[in-house]
Amino acid sequence: MATKHRRNVWELGNDWADDILWYARGVKAMKAHPLKQRTSWRFYAAMHGFFDQLWELYGYFSASDTRPPNADIARFWDQCQHGSWYFLPWHRGYLLAFEASVRAEVVALNGPPEWALPYWNYFKPNQAALPPAFASPDWPDGTGDNPLFVPQRYGPDNDGTVVIPVDQISLRALSEPDFAGVSSGGSPGFGGVDTGFEHGGRVHGRVESQPHDWVHVLIGGSDPTDSRLPGLMSDPDTAALDPIFWLHHANIDRLWEVWRQHPPTHVDPTQAKWTKGPGASGGRVFSMPMPDGTRWDYTPADVAKLATLGYDYDDLAAPVAPNQLTERLTRLAPDRVAAIAAGVQPMASGKNVELVGANQQAVRIVGSEARTAVPLDKEVRSKVAASLTAAPDTADPDRVFLNLENVRGLADATAFQVYVGVRNAGAGGPRELLAGSVALFGVRKATSPDGPQAGEGLTYVLEITDLVDDLHLQDGFDADALDVRIVPIRPVPEEAEISIGRISVFRQGQ
Amino acid sequence: MTTAARERLRVRLPVIVVSAGAWAVLASAPEMLSPHVHGGVLVPVAARGVGWAAMLAAMMLPLLMAPLRHVRDRSFARRRPRAAALFLLGYASPWMLAGSILVPSGLAAGESVVALWVVVSAVAWQSSPARQHCFNRGHAHPPLAPAGAGADLAVLRFGVAHGAWCVGSCWAVMLMALCWPGAHLAAMAGAFIWLLAERMEGPERPRWRFPFPLRAVRAIAAAPEWLGRRPAPLAAAETFQV
């Protein structure tokens with residue numbers, strides 16, 4: 001069977017190139033099927049997540065709809081993996097099955113059997129805007145009911161214009177050496193934390209946090225008249241109703257392969273718990289309905305190798321310098337550059353994760369800024385400093401992470417930048433560094449007392465190793481506290497009820 | 001083994017050791033809880049209290065892996081043992097209080113027709129939305145103050161809250177375990193297996209239903225494959241390429 005090629009949506013030739021036009025026709029055909037049909041548009045969206053109240057409000061569900069049989073709901077719906085090391089493999093299978101269903105519709109309409117889903121690479125210059133075919137309510141001939149258009153796509157400024165601000169998205173996740181991470185305060189890994197079947201895990205992996213969550217929320221935004229009404233893309237229970245969802249996830253899927261190839265030391269987990277999936281230990285099985293009426297049950301091992309799946313991407317180039325450790329060691333010991341081996345390989349993250357400091361009280365996010373200070377424990381801080389001093393010899397300096405713990409709220413479309421700085425920074429004066437960005441994709445569910453987190457919210461992990469390195473070089477990391485400043489991309493209203501239970505700093509090392 | 005799995009093991013090992021010790025104590029002195037008259041002498045209340053505490057250590061400690069990990073992970077390394085001890089102290093307090101009602105009730109039920117009503121009400125409670133809500137709330141991991149008296153208070157409070165939700169979720173099963181004076185240890189073992197299996201389930205929307213622990217059943221069914229060969233990769237994936 002010939003390999004299918006997933007291409008960059010901005011480089012297909014024109015706004016309504018064949019791949020997009022046929023996608024629109026396929027989507028229209030899927031949308032025409034009733035909810036209970038396994039390969040209908042809404043059935044596929046409900047496999048990611050279903051929330052009857054929002055669906056009803058937005059016109060995707062009504063009393064006249066016949067729900068699928070309970071067995072189908074139990075097997076297929078509410079299946080998406082978030083906050084888990086299954087995030088990437090589950091979504092890859094989801095994309096493959098969806099693509100096969102669209103293709104079946106395309107072929108039924110006498111379209112090309114080699115049709116493949118395009119991807120949207122918002123990182124490329126001049127490609128940050130929503131592809132025009134998705135932004136217009138009309139087909140290319142000017143008639144209405146373009147199935148790629150949805151009104152609940154409010155954008156970063158909640159004005160309906162969707163352009164991803166390139167200075168707010170990042171590919172730093174690609175330099176993460178480990179696929180699997182920890183939920184104890186250290187790196188959550190490139191692909192996520194070692195969990196079982198996890199429909200709404202507490203800690204998101206690095207590529208899931210940024211760019212995945214961030215782009216979801218920037219596209220979706222929220223209703224300008226009520227921040228608790230998310231754009232479709234802003235909430236996991238409505239996201240897959242938006243046709244742009246699939247192009248965003250094709251890009252995330254592409255980034256998984258980019259990470260694997262650059263450098264070759266990046267490898268997927270080999271533990272049976274990952275390769276065999278949660279079904280092998282009694283959890284739910286990853287399961288997709290296929291257009292030929294069959295059911296496809298799959299494991300991460302089934303979808304890990306792109307080359308065996310019958311599709312590829314037209315661009316898998318590495319966008320960042322791969323060897324962060326060499327750069328870091330060189331910066332920590334500039335007088336010993338020659339002594340540092342040029343070919344220092346990225347090492348797996350240290351096995352010990354330890355609290356360095358935390359604030360005492362919850363922080364409420366209201367308006368356009370919130371601040372707090374995180375006192376650091378002198379003893380543990382010294383341990384970090386000692387590790388950095390010894391780094392040129394050990395090639396194994398501590399990494400340091402800021403944790404925003406127990407983030408709760410009612411508005412998934414909330415997104416903010418997190419800055420970290422020190423007031424008494426010695427000769428250099430006060431400094432501040434952008435630690436990262438956080439988008440609260442999934443927070444509503446995690447705030448529900450009967451939800452997967454029993455109402456205690458989500459935890460976000462941002463790496464601040466660079467800042468700590470700077471402080472160490474300046475004065476031996478002698479700061480008593482770190483100042484944390486939260487800057488929402490849009491002012492946060494009271495009724496969003498956004499709060500951060502605790503802000504903490506962790507070291508990860510030997 | 002992943003780093004996360006190694007971290008889990010650091011909590012699991014001591015918990016398993018302590019729980020196994022408690023089972024050994026109960027096995028060697030089953031009269032601690034079972035008959036309320038032993039050799040013609042009433043078992044003193046204090047001895048019953050010790051027996052109930054041993055029962056909690058044996059049956060409940062293994063259910064506390066997740067909250068104990070939360071306490072460990074979110075505390076300064078030098079405070080971890082103290083924080084875990086305070087959490088357990090808090091956790092035990094609502095259970096000891098509940099024990100003052102459950103133990104006499106269970107032992108009384110064991111000798112009368114009341115046992116039938118105990119079974120009926122236990123099944124009814126197990127199936128209720130209220131029990132599901134208690135079970136769900138047992139998954140809460142609140143933020144913990146890092147230092148000083150606030151840190152002690154935070155883990156103690158977490159322990160009490162977790163214990164209270166756990167009583168709400170598990171009292172009926174524990175009561176059932178107390179209702180069999182002739183086969184106390186076997187009843188406890190059965191209840192323990194049920195509680196472990198139940199804990200494998202995640203939070204669910206509260207509604208009337210009997211929460212049969214399906215995941216444990218599936219895990220047992222999948223065990224041969226798990227222990228044996230890997231599933232043939234891509235066999236299923238190829239079906240959609242045709």
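Which residues does A:Asn251 touch, not counting residues up to four places away in sequence? In this predicted model, local features need pLDDT of at least 70, side-chain atom pairs count only at pLDDT 80 or more, and totals for chains, interfaces and linings use all residues. Residues are numbered from 1 along each chain as its sequence is written, and chains are lettered from A and ligands numbered from 1 in the order in which they are written.

With those neighbours in sequence set aside, A:Asn251 touches A:Tyr119, A:Trp120 and A:Asn121; two residues are in contact if their C-beta atoms, placed from the backbone, lie within 7 Å. A:Asn251 lies in helix α8 (residues 244-261) of chain A, where helices (H or I, at least four residues) and strands (E, at least two) are DSSP runs, numbered from the N terminus. The residue is buried because 22 other C-beta atoms lie within 10 Å; a residue counts as buried at 20 or more such atoms within 10 Å of its own, as exposed at 12 or fewer, and as partly exposed in between, with C-beta atoms placed from the backbone. A:Asn251 and A:His5 are 246 residues apart in sequence and 13 Å apart in space, C-alpha to C-alpha.

Between the chains, 53 residues of chain A are in contact with 43 residues of chain B. The largest share of the side of chain A that touches chain B, 4 residues, comes from β7(A). By class, this side has 22 nonpolar, 20 polar and 11 charged residues (Ala, Val, Leu, Ile, Met, Phe, Trp, Tyr, Cys and Pro count as nonpolar, Asp, Glu, Lys and Arg as charged, and the others, Gly among them, as polar).
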